[in-house]
Amino acid sequence: MILFFILSGFLITKLHIDQEFNLKNCGAYAIRRIARVYPYFVIIAALPAFLLWVGFPGKIGMSEIDSLSKYFRQILLIERGANVFWTIQVEIIFYASFLLIWHFSKVVKSSLIVFCVIGLIVVSSLIFKPKTGFLFFDSGHIFLIGVLSAIAYKWLPGRLSGVAWSIAGLSLLASVPLTFPKVYNSLTGGEIDPWLSILVLAQLAALFNFALRGSGLLGSVLSGRVLVWLGKISFSIYLLHYFVLVGFLSLVGPVTNHALYFIIVIGLILPVSWLGYKYIEMPVQRLVLNIPSAFVRRVKRDASASSKTP
């Protein structure tokens, strides 16, 4: 999830930071961001109630969303999202917060100043490790690493090549599992919080920036067709995987062959996520994106009809 937050911060900054900060661009930005995550989330948040209604025989993920009031509290982001839905609230708050970054960049007119201020915020978060209990303030610095990466990429967009860079990039990729909390504990006996660990965030920030610059073998690995396809359906995987896991486990009972279980679950999650992406996520996203232009066309058509009326 950390890499997704970094990627989100990077893409938003890269796409918008150099645009003029005006009402038209802010409106287009808001529509694109809302269309990206919110409509699909609203639909998937209704899935627990739908599965309860049709009498799904297994256990239902997020079955606590079993009434209209609970559903609306989820989709209106009034309370912490159930299970994987918690990130939607954080993501949307970052979308709003980016407007401040965007405006600030136009006021100071210096990407170096923006970089330094945001860098100071990130470093302060990692040193003081504030625990506010408010999810955005406890994880917002991850998005800011993506913002910093986008600014740095604008300064140094070149590609990294050569054997040394390839080895460094692949080594970073291979080291990621070593900082998983359980793996880290078994290796060192210590505890690690990926969201506030300087080690983990430096590791993932470096890996992300290596990947951006297509460093040799790492770039080849990450740009392969399979990983590109997984990237496209990643949001659908994220929203749907918990339902598949909970439902499948409840139907098959205790698992002894974990390798076989893993293969079957992946074999279920991927096609379900692809279907969700193809037939729900993308059509709904296109529909939302087309609303403004359809509205403008309707207004122009009505205005034209009025002007022709004697």
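Reply: A salt bridge is a side-chain nitrogen of Lys or Arg within 4 Å of a carboxyl oxygen of Asp or Glu. This is a predicted model, in which local features need pLDDT of at least 70, side-chain atom pairs count only at pLDDT 80 or more, and totals for chains, interfaces and linings use all residues. Residues are numbered from 1 along each chain as its sequence is written, and side-chain values use heavy atoms, with hydrogens and water left out.

Me: Why is the contact of Asp-18 with Lys-154 called a salt bridge?

Reply: The N to O distance between the two side chains is 3.2 Å, which lies within 4 Å, so the pair is a salt bridge. A search of the whole structure finds four salt bridges.

Me: What makes Asp-18 and Lys-154 a pair that ties together separate parts?

Reply: Asp-18 lies in the loop between α1 (2-16) and α2 (23-44), and Lys-154 in helix α7 (residues 135-155), so the parts that they tie together are 136 residues apart in sequence. Helices here are DSSP runs (H or I, at least four residues), as are strands (E, at least two), numbered from the N terminus. The chain has 14 helices and zero strands.

Me: Why is Lys-154 called partly exposed?

Reply: Buried means under 20% relative accessible area, exposed over 50%, and partly exposed in between (1.4 Å probe, protein chains only). Lys-154 has a relative accessible area of 39%, so Lys-154 is partly exposed.

Me: Why is Asn-209 called buried, and what does its side chain reach?

Reply: Asn-209, found in helix α10 (residues 198-212), has 18% relative accessibility, which is under 20%, so Asn-209 is buried. The side chain of Asn-209 reaches the backbone oxygen of Ala-205 at 2.8 Å. Of the 310 residues of the chain, 38% count as buried.

Me: Where is Pro-57 found, and why is Pro-57 called exposed?

Reply: Pro-57 is in the loop between α3 (47-54) and α4 (68-75). Its relative accessible area is 71%, which is over 50%, so Pro-57 is exposed. The C-alpha atoms of Pro-57 and Gly-247 are separated by 8.6 Å, although the residues are 190 apart along the chain.

Me: Why are α1 and α5 called roughly parallel?

Reply: The axes of α1 and helix α5 (residues 86-108) come within 11 Å and cross at roughly 30°. Angles under 35 degrees count as roughly parallel, over 145 as roughly antiparallel, 65 to 115 as roughly perpendicular and the rest as oblique. The angle falls under 35 degrees, so α1 is roughly parallel to α5.

Methods: Polar contact = N/O pair within 3.5 Å; in protein donor to acceptor, adjacent residues only side chain to side chain. Axes fitted to C-alpha atoms, helices over the stretch in contact; angles between N-to-C directions.
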